[in-house]
Amino acid sequence: MVQIRWKLTTIPGTIRDSVRWQWRKINLSIYSLFYNHFMDQGYIADVCMEPMFWFVDNFTKFLGPFFVASVCGLTASVVAIAYWIGLPYWWNKSPWVTVLLIIVGHWLLVNICFHYYMAANTLPGYPPEGALIPEAASICKKCIAPKPPRTHHCSVCNKCVLKMDHHCPWLNNCIGHYNHRYFFLYMAYMCLGVLFLIIFGFQLAYNEVWVGVDEIDEDDESLIEGHPVRINNSVLIPMTELMASIGNVSILETTQLYEGRSLRQNCLLYMAFINTGVLIALGALTLWHARLISRGETSIEANINKAETKRLAERNKVYINPYNFGRRKNWRLFLGIVRGRTWRHVLLPSPHKPIGEGLTWHTVHSDTEDDLEEEEEEEGGDRNRRGYMKDP
């Protein structure tokens with residue numbers, strides 16, 4: 001009797017051990033088939049986000065022309081409203097001030113249009129196919145080709161881009177070595193342009209949208225027309241036929257103006273919304289890119305440098321960006337103010353190209369300031385003969 005009871009108590013334990021053993025074999029089989037030494041939370045997140053990356057890569061290129069058309073349409077609409085409402089408003093106030101505003105406004109408009117066109121239509125630069133590359137930093141796993149320093153693969157364009165910063169859907173183009181300056185100056189001039197409209201259009205919008213009437217001198221009695229008001233000693237006698245007018249706006253029209261916004265008011269509200277949104281969003285992006293340029297790095301390199309700085313800090317070492325030659329020189333090289341070029345090439349539209357071909361780069365570890373100056377002067381004469389980059 002005791003032996004039978006012992007067997008009954010050991011049966012559940014045997015089943016439990018068998019289930020555990022089978023579960024361990026299944027886990028071992030799965031690990032043997034799918035084990036990855038680099039598996040971590042970041043890797044799992046990349047795998048889970050892969051469908052979203054696929055969607056962005058494929059549809060960004062498809063929607064690129066629509067983004068470009070949107071930018072052109074919004075810009076044209078804002079300029080048209082400025083001509084229609086803003087120009088007559090300032091001309092009535094002061095013709096001389098209007099002439100000055102026209103000059104400044106068109107200077108900004110020409111720079112905006114020029115740099116946007118150049119940024120969208122200038123190829124960012126690609127490594128040469130079938131040609132010898134002087135220096136290769138790595139091998140592109142998608143192109144199966146050597147990558148020069150500062151070159152990265154764009155999944156939208158499906159090409160390696162020299163000194164790639166990012167792919168901009170609003171330009172339908174990658175931002176790289178040859179069009180980075182156009183892209184930044186477009187953002188800078190666009191921010192100045194919308195700020196220009198906000199400053200010199202604020203009073204107009206305030207008068208017509210918030211106050212509700214155009215600029216009128218209420219103390220001018222010559223503008224008041226209508227029937228005299230008859231007043232009794234005890235009661236005010238209403239005059240139903242009263243249709244006094246203030247300038248060209250009657251009381252009835254003024255009442256309707258408050259009840260519903262006019263086309264002019266809607267246009268001014270539209271401009272205020274667009275300009276404010278562009279100033280905030282594009283202004284923040286411009287400041288961020290200005291910070292990157294000051295440090296001699298691109299958007300992609302900023303993430304790489306941040307990771308390297310953290311990795312070396314754990315080893316009590318300091319990471320130095322090899323392409324950071326100081327704020328002043330970084331800006332001078334980025335804007336192309338070398339070989340006799342001045343700020344005129346920045347303040348006015350200029351199609352000058354960056355230094356070199358973007359295939360090799362000087363670094364702070366291997367070059368000195370004097371070497372850079374000499375090579376910048378020499379590149380003006382033998383640019384076509386040399387097929388590589390000598391620029392920090």
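Guide: Here is a short tour of helix packing and nonpolar cores. Keep in mind that this is a predicted model.

Visitor: At what angle do the axes of H6 and H8 cross?

Guide: Roughly 110°. H6 covers residues 263-294 and H8 covers residues 327-335, and their axes come within 8 Å. Angles of 65 to 115 degrees count as roughly perpendicular, so H6 is roughly perpendicular to H8.

Visitor: Which residues make the contact?

Guide: H6 brings Ala290, Ile293 and Ser294. From H8 come Arg327, Asn330, Trp331 and Phe334. By class, that is four nonpolar, two polar and one charged.

Visitor: How far apart are the end C-alpha atoms of H6?

Guide: They are 45 Å apart. With 32 residues at 1.5 Å a residue, H6 should span 46 Å, so the two values agree.

Visitor: And just after H6, what phi does Gly296 take?

Guide: A positive one, about 70°.

Visitor: Switching to the core. Which residues touch the most other members of the largest one?

Guide: Leu171, Phe183, Phe184 and Tyr186, in a nonpolar core of 40 residues. Helices H2, H3, H4, H6 and H8 each give two or more residues to this core. H4 gives the largest share, 13 residues.

Visitor: What is Leu171 in contact with, neighbours within four places aside?

Guide: Val68, Tyr116, Ala119, Ala120 and Phe183.

Visitor: What does the second core include?

Guide: That separate core has six residues, among them Val156, Val161, Met164 and Cys174.

Note on methods. Residues are numbered from 1 along each chain as its sequence is written. This is a predicted model: local features need pLDDT of at least 70, side-chain atom pairs count only at pLDDT 80 or more; totals for chains, interfaces and linings use all residues. Side-chain values use heavy atoms; hydrogens and water are left out. Axes are lines fitted to C-alpha atoms, for helices over the stretch in contact, and angles run from 0 to 180 degrees between N-to-C directions. Helices (H or I, at least four residues) and strands (E, at least two) are DSSP runs, numbered from the N terminus. Angles under 35 degrees count as roughly parallel, over 145 as roughly antiparallel, 65 to 115 as roughly perpendicular and the rest as oblique. Contact means heavy atoms within 4.5 Å. Ala, Val, Leu, Ile, Met, Phe, Trp, Tyr, Cys and Pro count as nonpolar, Asp, Glu, Lys and Arg as charged, and the others, Gly among them, as polar. A nonpolar core is a set of buried Ala, Val, Leu, Ile, Met, Phe, Trp, Tyr and Cys residues joined through side-chain atoms within 4.5 Å. Buried means under 20% relative accessible area, exposed over 50%, partly exposed in between (1.4 Å probe, protein chains only). The expected span of a helix is 1.5 Å times one less than its number of residues.
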